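My entries follow in the order I made them.

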Amino acid sequence: MSETNRSFPNILITGTPGVGKSSLSRILCEKTGLTYIDVSNLAIEKGCLEDFDELYDCPILDEEKLLDEMEELISEGGVVADYHGCDFFPDDWFDAVFVLRTNNTLLYSRLERRGYTGKKLEDNIQCEIFETILQLARITFTDGKVFELKSDNIHQIPDNISKIRQWIDKWKLDNQEE
């Protein structure tokens, strides 16, 4: 995908389930006018699921089919995509990747309230402890695109929105046509 003539950047908000991606993404889109894509819901709506994982009690994503479904939306620019995975997205789709991180004790409580139990709960907590999503983002995306944001409570949302808006403003300055 080429970056030609986009007026607005594409942003990926990612992190372990329960870190606050959806809340931050929705508010960011309300404040900026960018288009919100809940990647999980889009995968369901467009039939991008292959099977069901009984162990984790969740559907298995057909990544190639999802990428095909998202390509046109991404090419238009101005998208905030919200998803817990990041390593299958092409590097050139996103201008910035914001990885939300949460204190493990807080995350444990959030996931328990969502009904996570057993291996699914344990593995998601381990994912956060070992910074798995952050490390995958750093491996997948070009240097300078990945930013880490703390997301322990709703009081951090305005500061995180402000940081992302500052990044968007800089992107617009750096990418305006002469």
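This is a predicted model: local features need pLDDT of at least 70, side-chain atom pairs count only at pLDDT 80 or more; totals for chains, interfaces and linings use all residues.

**Disulfides.** I searched for disulfides and the structure holds 0. A disulfide would need the two sulfur atoms within 2.5 Å. I also looked up burial: cysteine 29 is buried at 9% relative accessible area, and cysteine 86 is buried at 1%.

**Lysine 145.** Next I looked up where lysine 145 sits: it is in the loop that runs between helix H6 (132-140) and strand E7 (146-150). Is lysine 145 buried or exposed? I noted a relative accessible area of 12%, so lysine 145 is buried. Leaving out residues up to four places away in sequence, lysine 145 touches Asp91, Asp92, Phe94, Asp95, Ala96 and Val97.

**Helices H4 and H5.** I then turned to the packing of helix H4 (residues 104-113) on helix H5 (residues 118-129). Their axes are 10 Å apart and the angle is about 150 degrees; H4 and H5 are therefore roughly antiparallel. The crossing of H4 past H5 is right-handed. On the H4 side I listed Asn104, Leu107, Tyr108, Leu111 and Glu112 as making the contact, and on the H5 side Leu121, Asn124, Ile125, Glu128 and Ile129. Sorted by class, that contact has 6 nonpolar, 2 polar and 2 charged residues.

Terms used. Residues are numbered from 1 along each chain as its sequence is written. Side-chain values use heavy atoms; hydrogens and water are left out. Helices (H or I, at least four residues) and strands (E, at least two) are DSSP runs, numbered from the N terminus. Buried means under 20% relative accessible area, exposed over 50%, partly exposed in between (1.4 Å probe, protein chains only). Contact means heavy atoms within 4.5 Å. Axes are lines fitted to C-alpha atoms, for helices over the stretch in contact, and angles run from 0 to 180 degrees between N-to-C directions. Angles under 35 degrees count as roughly parallel, over 145 as roughly antiparallel, 65 to 115 as roughly perpendicular and the rest as oblique. A crossing is left-handed if the near helix is turned anticlockwise from the far one by less than a right angle, and right-handed if clockwise. Ala, Val, Leu, Ile, Met, Phe, Trp, Tyr, Cys and Pro count as nonpolar, Asp, Glu, Lys and Arg as charged, and the others, Gly among them, as polar.
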